[in-house]
Amino acid sequence: MQARRIKKSSRRRMPYKRGLEIEGGDKMNANESRQGLGMLTLGALGVVYGDIGTSPLYTMKEVFNPSHGVPLDAANIIGAVSVIFWALMVVVTLKYVILILRADNRGEGGVMALTALAANGTPARRTALLVIGVLGAALFYGDSVITPAISVLGAVEGLGSITPAFEPYIVPISVAIIVVLFMAQRFGTGTVGKLFGPVITLWFTVLGIMGALQVVSQPGILAALNPLQAIDFLQARGWHLFLIMGSIVLALTGAEALYADMGHFGARPIRLAWTGLVLPSLALNYMGQGALLIADPTALESPFYRLFPTYLLIPAVLLATAASVIASQATISGAYSMTRQAIQLGLLPRMRILNTSQEYGQIYVPLVNWVVMVAVLLATVGFGSSSALASAYGIAVTVTMFITTALTFFVVHHVWKYSLAVALAATAVFLVVDAVLVISCSLKILQGGWFPLVMGGAIFAVMTTWRRGRELLIDHIRRDDPELLPFITSLSQDDTAHRAARTAVYAVANPETVPQALMHNIKHYQVLHETNLILNVQFEEVPKVDEAHRVQVTPLVKGFWRVQVTFGFMDEPDIPKALELCAQQGLPIDQAATSYFLSREIVIPTRGTGMAHWREALFAMMSRNAGSVAGFFKLPDNGVVELGTRVQI
């Protein structure tokens, strides 16, 4: 129905100021005025920090995995904790909280929004950045599979600390929790989401308290606050530091959520939650686990749960399970949002999207839900433990983090207009750190890292195939269909044609050629409507388009108008609602007397120069199974006429 081209917006793009002045302030202030800073901060705790908040369940155990060959002595424990603490400070605090949260695209964050913001300039650079951004989006789905699996397994494994008799039931219980979690998605997270903030607040409070109790008993662990301890520890590892960093990265997973969810809460609440509760609690818990290991090296089998006395183990497992479900919910919801953005940027075919609440962002995508659930179950059963999944975890996350930093460089230099030297100074250190993390995780590809990479590669192939196929399809339509203006000019001069006293809306991908449905009406029914709208829908590389710029009406000839409707990639497309705005431009539309004529292309793959034959076959399959245009654009069920056209590409 729409061209689905990723095109540069020049008319509606707001001017961007230099980096230190950009904080998504307008959106943040609007959110604060409606809900209050405290409620937004509480919401950010529940949604943004669930993933990184469950990392203490398994990180320390993996750092000192016997296969890494790191002696479990006081010096190495202090050094490892120091590396974790300073990784949190550099990657999360300095990179995301201070720098990247400033790179908002009209208040929205995430790799898709950042790509749209950074992809300005020469066509070559623009194409390269778009490809990089699509790769980051594809890898995000790998994270959406691994996070629920490792979080739930890591929490349920606490049952083994209560009694070894529970160990055979850890995987079945995890599978049951995951199935219930995904089955509950269709009911929406609006009501349950209100509990996320308090539960995660309790979780971080418990993390901090239990860690602090161990720190008091072993105050020597506070030496980990000295960055020299981290440097000495890494230097002592030599080239083996990459093995260690592959485990350290587990403490950073979820950092990307700070930026991805900025549009829901604003930068300030996310910053307050991090500095006020999340960072202190994580630091205390990791130091507490280190202090425990110094006092009792046998606690390595489960350093997190050994922080708790025996009588608190069951409540600790229950709380950890709740926190892991919340962490999983955040990534699942993120997969829904990413899918909608990808659809509206022309990277995925239309899918059925259900709104589960009047609140923005509360959506449910059935196809994505069940595909992700199957993948999560395969990962849970196939890997069988959080330790095994730790090998698969990280590669997708770190590549996405590297892509985010690279895109931020282009924002600082080309959008905020800082000099090359300043842009490099702002991002070079983070690029080096991210590169080290990517290399470290790549060493675990054969041990499981291949899993999210294969998923991401498959999704990347799907996205690029769909976008290229749409381009070929639109080129075919533009080449084979007659030009619009000469055709309708001749129609307007024909007084013998019968005119129906209704409005016809012809949805087209190319507004310069004659809609197939219009030619069918003339050929088969010999009828013309009194009011005819040539409707073209565009999705631009901005999160939202305000109503003042939503619709543009252009008179053509008697009885014909061209109407362009523009949405942002975070907007919910509603064509009938958008057409009501035509009245402001002198074209009132009676919805009760309006018919929508849609052309559905039946793609026939042929061997040629357009794409590889397997990609053409894939595109044809996706096109056949794409969701309903009428449902996607909220067209009335009793007002739609759909006609099929066979097209060879």
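This is a predicted model: local features need pLDDT of at least 70, side-chain atom pairs count only at pLDDT 80 or more; totals for chains, interfaces and linings use all residues.
Residues are numbered from 1 along each chain as its sequence is written. Local features need pLDDT of at least 70, side-chain atom pairs count only at pLDDT 80 or more, totals for chains, interfaces and linings use all residues, and side-chain values use heavy atoms, with hydrogens and water left out.

**An enclosed helix**

Helices (H or I, at least four residues) and strands (E, at least two) are DSSP runs, numbered from the N terminus. Helix H12 spans residues 241–248. Of its 8 residues, 6 are buried, so H12 is largely enclosed by the rest of the structure. Buried means under 20% relative accessible area, exposed over 50%, and partly exposed in between (1.4 Å probe, protein chains only). The buried residues of H12 are Phe242, Ile244, Met245, Gly246, Ser247 and Ile248. Their cover includes helix H4 (59–63), helix H5 (74–99), helix H11 (227–237) and helix H20 (420–442).

**H19 against H20**

Two packed helices are described by the angle between their axes and the distance between the axes. Here the axes of helix H19 (residues 395–415) and H20 come within 9 Å and cross at roughly 170°. That makes H19 roughly antiparallel to H20. Axes are lines fitted to C-alpha atoms, for helices over the stretch in contact, and angles run from 0 to 180 degrees between N-to-C directions. Angles under 35 degrees count as roughly parallel, over 145 as roughly antiparallel, 65 to 115 as roughly perpendicular and the rest as oblique.

H19 brings residues including Ile395, Met401, Phe402 and Phe409 to the contact (heavy atoms within 4.5 Å). From H20 come, among them, Leu424, Phe430, Asp434 and Cys441. The residues of this contact divide into 16 nonpolar, 6 polar and 1 charged. Ala, Val, Leu, Ile, Met, Phe, Trp, Tyr, Cys and Pro count as nonpolar, Asp, Glu, Lys and Arg as charged, and the others, Gly among them, as polar.

**Nonpolar cores**

A nonpolar core is a set of buried Ala, Val, Leu, Ile, Met, Phe, Trp, Tyr and Cys residues joined through side-chain atoms within 4.5 Å. The largest one has 183 residues. Those with the most contacts inside it are Tyr49, Leu88, Trp274, Val563 and Ile575. Helix H7 (residues 123–156) gives the most to this core, with 16 residues. Beyond its neighbours within four places in sequence, Trp274 is in contact with residues including Tyr49, Leu88, Val97 and Pro280. Another core lies apart, with 13 residues, among them Val508, Ala517, Leu528 and Ile534.

**Single residues**

| Residue | Relative accessible area | State |
|---|---|---|
| Cys441 | 1% | buried |
| Cys582 | 0% | buried |
| Thr594 | 2% | buried |
| Leu491 | 12% | buried |
| Tyr311 | 65% | exposed |

A search of the whole structure finds 0 disulfides (pairs of cysteine sulfur atoms within 2.5 Å).

Thr594 is found in strand S7 (residues 594–604). Not counting residues up to four places away in sequence, Thr594 touches Arg502, Thr503, Val505, Ile589 and Gly639.

Leu491 sits in helix H22 (residues 484–492). Leaving aside neighbours within four places in sequence, Leu491 is in contact with Arg499, Ile522, Leu528 and Phe560. Leu491 and Ala87 are 404 residues apart along the chain, and their C-alpha atoms are separated by 69 Å.

Tyr311 is in the loop between helix H15 (267–295) and helix H16 (313–344). Tyr311 and Ile162 are 149 residues apart in sequence and 9.5 Å apart in space, C-alpha to C-alpha.
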